[in-house]
Amino acid sequence: MRAARLIKMVLLLQNRAAMTAAELAAELEVSERTVTRDALALSEAGVPVFSERGRAGGYRLVGGYRTRLTGLARDEAEALFLSGLPGALRDMGLADAASAARLKVTAALLPSLADAPRSAARRFHLDAPGWYREPVTPELLPAVAEAVWDDRRLSARYRRRDGEEVGRELEPYGLVLKAGVWYLCARADGSYRTYRVDRFTAVEGGGEPFERDPGFDLAAFWTERAAEFARSLLRAEVELLLTAAGAGRLPSVTDREAAREALAAAAPEDDGRVRAVLRVESEEVAFGQLFALGPEAEVVAPASLRERFAEAARATAARYR
């Protein structure tokens, strides 16, 4: 246990210029007192760890020191080969580089771990696109990915949702693959925005380098924007009467968060059903979603949607008469 912690401490200090006792304690999940004892143990073992006092102080390795520890446990080796997404790497034009990296890592593995790549591939596979959708790789994705990797500004022509084509000068921060669709997260005119890569009609890379904002977190940004986008689509409301079965199935046929909010605020009725107000994208979308609940849901309002359900019910009854 302690040996693994000491190795991790050396690797952390090797990959960073310096770390405070508090930072090391947080990474290693130990107390600062333990960090002090571990640093002393490493020093006594010949690893050149030293500490500096003061505001900018912390633990460092003597300049240029590199550990020769290269051993990987089986679970570490197998996890490493799961970290690459072959399809995504191929789409971005990085398949050759990824293949070369995997060969180098494989060559460094102990003989007992030589089967780690095959072991991982036999057990796990990622299929990113959604069902009933043929994945299409955007033609301009490799050029966009290159600009992302090189931190260079990108000049692009972009087709908006309304069909209008506009020019954009972008600082490309990162790419996200969501359900088979590629998105570029970029800074434009001082604010961060999201663009579908398949809507770029032209891109010109090789622009001037830009300085990345060190505080930008791609995963956090995407999570926030994805939630905002989902909420922005829900522009209409439907009042429903739901049976217990209908309430239980509502999250599976419509937006989960909207269903959760509707059910949390639902009021009980005398007949055992609950009355809920559900946010939906449109009446058209709501009809397709709620029709799947059949008699477990009754639309109360708007009147136009209620009449549409009544007509569908009459037509269905006539069909099965």
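Predicted model: local features only at pLDDT ≥ 70, side-chain atom pairs only at ≥ 80, totals over all residues.
1. Five strands make up an open sheet, arranged in the order β6-β5-β4-β3-β7 with antiparallel pairing. Its edges are formed by β6 (191-196) and β7 (200-204), each of which pairs on one side only, and the twist from one strand to the next averages 45°. Between β5 and β6 the antiparallel pairing runs over six bridges, and leucine 184 has tyrosine 195 of β6 as its bridge partner.

2. Helices on the sheet. Helix α8 (residues 141-150) packs on this sheet and touches β3 (154-159), β4, β5 and β7, with its direction at about 80° to that of β4. Helix α9 (residues 218-233) also packs on the sheet, where it touches β4, β5 and β6, and its direction makes about 75° with that of β6.

3. The largest nonpolar core. This core has 22 residues, of which Val238, Leu240, Leu242, Leu250, Leu278 and Leu290 touch the most other members. Two or more residues come from each of β8 (236-242), α10 (244-253), α11 (256-264), β10 (274-280), α12 (283-290), β11 (297-301) and α13 (303-320). Leaving aside residues up to four places away in sequence, leucine 250 is in contact with Leu240, Leu242, Ala259, Leu263, Leu278, Leu290 and Leu293.

4. The second core. A separate core of 21 residues includes Leu89, Leu141, Trp182 and Tyr195; tyrosine 195 is the residue already named as the bridge partner of leucine 184.

5. The whole structure contains 19 salt bridges, one of which joins the side chains of glutamate 171 and arginine 187 at 2.7 Å, N to O. Glutamate 171 lies in strand β4 (residues 165-178) and arginine 187 in strand β5 (residues 181-188), so the pair, 16 residues apart, links distant parts of the chain. Glutamate 171 counts as buried because its relative accessibility is 12%, under the 20% cut-off.

6. Arginine 314 forms a salt bridge with glutamate 307, at 3.0 Å between the closest N and O atoms, and glutamate 307 is partly exposed at 37% relative accessibility.

Definitions and conventions: Residues numbered from 1 in each chain as written. Heavy atoms only, no water. Core = buried A, V, L, I, M, F, W, Y, C linked by side-chain atoms within 4.5 Å. Buried < 20%, exposed > 50% of the residue type's maximum accessible area, 1.4 Å probe, protein only. Helix = DSSP H or I, 4+ residues; strand = E, 2+ residues; numbered from the N terminus. Contact = heavy atoms within 4.5 Å. Salt bridge = Lys/Arg side-chain N within 4 Å of Asp/Glu carboxyl O. Pairing = 2+ DSSP bridges. Axes fitted to C-alpha atoms, helices over the stretch in contact; angles between N-to-C directions.
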